[in-house]
Each structure stands twice: as structure tokens, then as C-alpha cells.
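Q: I would like to learn how to read a chain fold element by element, and then residue by residue. Could we work through one case together?

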Amino acid sequence: IEDLRKDRILACGTARQDRKLFPEELSNSKLKIRLAITIMDITHLIILCTMTIYRGESITVQKGAICASAWMDKKVVNVMTSCCSDPTQQTEVKRRLKDGSRIAVLCPEAVSFYNQYMRGVDRGDQLRGYYKTRTKCRKFYKYIFWFLFDVAIVNSYVLYKNYRTNDTTHTLSLKQFRLKLADQLIGSYNS
């Protein structure tokens, strides 16, 4: 992100916790926070302790114009950005509970910004991850074939949804689309 910032390109995206140069303060699922404690005005001790954060809580670290946030949704979501003016700014997002009710949860502005403009690769990976063609392959070319097969299905589903924008009442879900596609491909084939 720093290299993109030097080229005057703003970026916002998710990051893995074990990524090289990821802030150490955000590197565990139970986030480590450095606390400064004063004992009788004599010294300041820095103690490393673990703290569990709950849904809607976040921790943000900033270095120059680059900001990294760890936000707890159902799991910890790590976001790095160079395009948020105020990293402490938070917005509300709606989340569904197990009973079906919806609640408002606070999240960093970078997370809502990322979700708002998430397109292309991230959305494709998300759709592909719902119903993967799971096969164990020892040969790499078979794995590549099934990966490309899933990508082709997701791309055709995206085209289908874009084509069907006028008629939203009968749009198929991804699962229904895959089942209908399989039925049409197999057809009346008998071995």
C-alpha cells in the first residue's frame, strides 16, 4: 500500500494477519494491546496482555497515511487503507442474528468503504467460495481445471444477473443457477 501511495494511488483492501509487514499489534485473533501503567509516579511499565474484542469493536494502528484496522464481526476482519482521512471514524452496518432479527454494529469507515466498492476479484472469490467443486487432486493441472471450471460458472452467473436486471422477480440464486446449469449440461445423458 505504501508503494501505491507513493504513486498517488489510493488503496483499500483486506489483509491476512500473517502477512509480512502487517502491524504486530493486530497479528493475533486475540489481539495484543500494549498498556502503559503508572505505579506510584515512579516508572511507566509496558505490559503485553491479550484482550478479547467483541462484535463491533475495533483496533486501529496508523503509520503516516497508511491505516490498518482489526474489526470483530463474526471473525476478525483486517483492513489496510490509504484513503481514509480519519481512521477513528466509525459507521454502522446492519447484521443479522441467528433468530433473524437485525442489529446495528459499529465498524471502521475503512471496512464500510471496502464493502461498498468491493468488485471483481473479491466478489468473484466470494461467489466461488459458496459452492466450490471440491475434488482432491494430486496433479496440479486437474486442480487448475476445476478452479477454471468454477470461475467459468461464476462468470456466467454474473452475466446472467446483469442480463436479467429488468426482471428481478424471477432471478435465480447462485445455487439454483448451478443446479439448472448442471441439469442442462447433463441433460438426458446415459452411460
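Q: In what order do the elements of the chain run from the N terminus on?

A: Helices (H or I, at least four residues) and strands (E, at least two) are taken as DSSP runs and numbered from the N terminus. Here the order is α-β-β-β-β-β-β-β-β-α-α-α-α, with five helices and eight strands in the chain. The model is predicted, so local features need pLDDT of at least 70 and side-chain atom pairs count only at pLDDT 80 or more, while totals for chains, interfaces and linings use all residues. Residues are numbered from 1 along each chain as its sequence is written, and side-chain values use heavy atoms, with hydrogens and water left out.

Q: How many bridges join β7 and β8, and in which sense do the strands pair?

A: Two strands pair if DSSP finds at least two bridges between them. Strand β7 (residues 90–96) and strand β8 (residues 102–108) pair in the antiparallel sense over seven bridges, and R96 has R102 in β8 as its bridge partner. The two strands form a hairpin with five residues between them, and in that turn G100 has a positive phi of about 100°.

Q: How does the span of α4 compare with the span expected of a helix?

A: The expected span is 1.5 Å times one less than the number of residues. With 24 residues, α4 reaches 34 Å from its first C-alpha to its last, which is close to the expected 34 Å.

Q: Which residues of α4 are buried, and is Y143 buried or exposed?

A: Buried means under 20% relative accessible area, exposed over 50%, and partly exposed in between (1.4 Å probe, protein chains only). In α4, the buried residues include D150, I153, V154, Y157 and Y160. Y143, which also has its place in helix α4 (residues 140–163), counts as exposed because its relative accessibility is 54%. Over the chain of 191 residues, 23% are buried.

Q: Where does E57 lie, and which residues does E57 touch?

A: Contact means heavy atoms within 4.5 Å. E57 lies in the loop between β3 (43–50) and β4 (58–63), and it touches A70, W71 and M72 when residues up to four places away in sequence are not counted. The C-alpha atoms of E57 and W71 are separated by 6.0 Å, although these residues are 14 apart along the chain. E57 is partly exposed, because its relative accessible area is 35%.
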